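Subject: Structure handover

Hello,

Here is the structure you are taking over. Please open it first, then read the notes below it.

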Amino acid sequence: MGMQILFKNETAKKQFCSAYKRKWRYPELVKKKLESVENFILNAESLMDIANYPPFHFERLKGFRKEEWSIRVGNTGYRVTMIPCNNDGQEITEGDILAQCKMIKIVKVTEVSNHYE
């Protein structure tokens, strides 16, 4: 059983969830990569798998979004931002997230965006 994906809101769900891919307006390559990202997360044992997968460049955002983390969608300029959650679906914003990675089985996707727009 892999990880679970929650969504900050309906917009984030429609941006990320491949169930909505018919409505996606991303370039073809981004659509393919985004689906791979979704599959990767759903099949990951824990956040550790995501953090340890070099192409994702898993990193913490700065400033007012410092509770969010991002992963890259290939070399497309797009990224998916997320907040790790505990088993009750509560956001984890304190402590050393990377040290807790193995225990984290849920992420809340906050946005899919083009980093360069």
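In what order do the elements of the protein run from the N terminus on? They run β-α-α-α-β-β-β-α-β. Helices here are DSSP runs of H or I with at least four residues, strands are runs of E with at least two, and both are numbered from the N terminus. The protein has four helices and five strands. Its radius of gyration is 13 Å, close to the 13 Å that the globule rule gives for 117 residues, so the protein is as compact as a globular protein of that length. That radius is taken over C-alpha atoms, and the rule is 2.2 Å times the number of residues to the power 0.38.

Two remarks on the source. This is a predicted model, in which local features need pLDDT of at least 70 and side-chain atom pairs count only at pLDDT 80 or more, while totals for chains, interfaces and linings use all residues. Residues are numbered from 1 along each chain as its sequence is written, and side-chain values use heavy atoms, with hydrogens and water left out.

The whole protein

Along the principal axes, the C-alpha atoms fill a box of roughly 35 × 35 × 25 Å. Of the 117 residues, 41% are buried, where buried means under 20% relative accessible area, exposed means over 50%, and partly exposed lies in between (1.4 Å probe, protein chains only). The accessible surface comes to about 7,200 Å², and 48% of it belongs to carbon and sulfur atoms; the areas come from the Shrake-Rupley method with a 1.4 Å probe. Contact means heavy atoms within 4.5 Å. Among contacts between residues at least 6 apart in sequence, 51% join residues at least 24 apart.

The sheet

Strands of a sheet pair through backbone hydrogen bonds, either parallel or antiparallel. In this model, two strands count as paired if DSSP finds at least two bridges between them. The five strands form an open sheet in the order β1-β5-β4-β3-β2, with mixed pairing. β1 (4-7) and β2 stand at the edges with a single partner strand each, so one side of each has no neighbour in the sheet.

- β2 (residues 59-60) and β3 (residues 69-72) are antiparallel over two bridges; arginine 60 has tryptophan 69 in β3 as its bridge partner.
- β3 and β4 (residues 78-85) are antiparallel over four bridges, and arginine 72 is bridged to arginine 79 in β4.
- β4 and β5 (residues 106-114) are antiparallel over eight bridges, with valine 109 in β5 as the bridge partner of methionine 82.

β3 and β4 also form a hairpin with five residues between them, and glycine 74 in the turn has a positive phi of about 60 degrees.

Two residues to look at

Leucine 34 lies in helix α2. Is leucine 34 buried or exposed? With 0% relative accessibility, leucine 34 is buried. Leaving out residues up to four places away in sequence, leucine 34 touches Gln15, Phe16, Trp24, Tyr26, Val73, Val80 and Val112. Its C-alpha atom is 8.7 Å from that of cysteine 17, which is 17 residues away along the chain.

Serine 46 is in the loop between α2 (28-43) and α3 (47-51). With a relative accessible area of 4%, serine 46 is buried as well. Neighbours within four places in sequence aside, serine 46 is in contact with Met3, Cys101, Lys102, Ile104 and Lys105.

Regards
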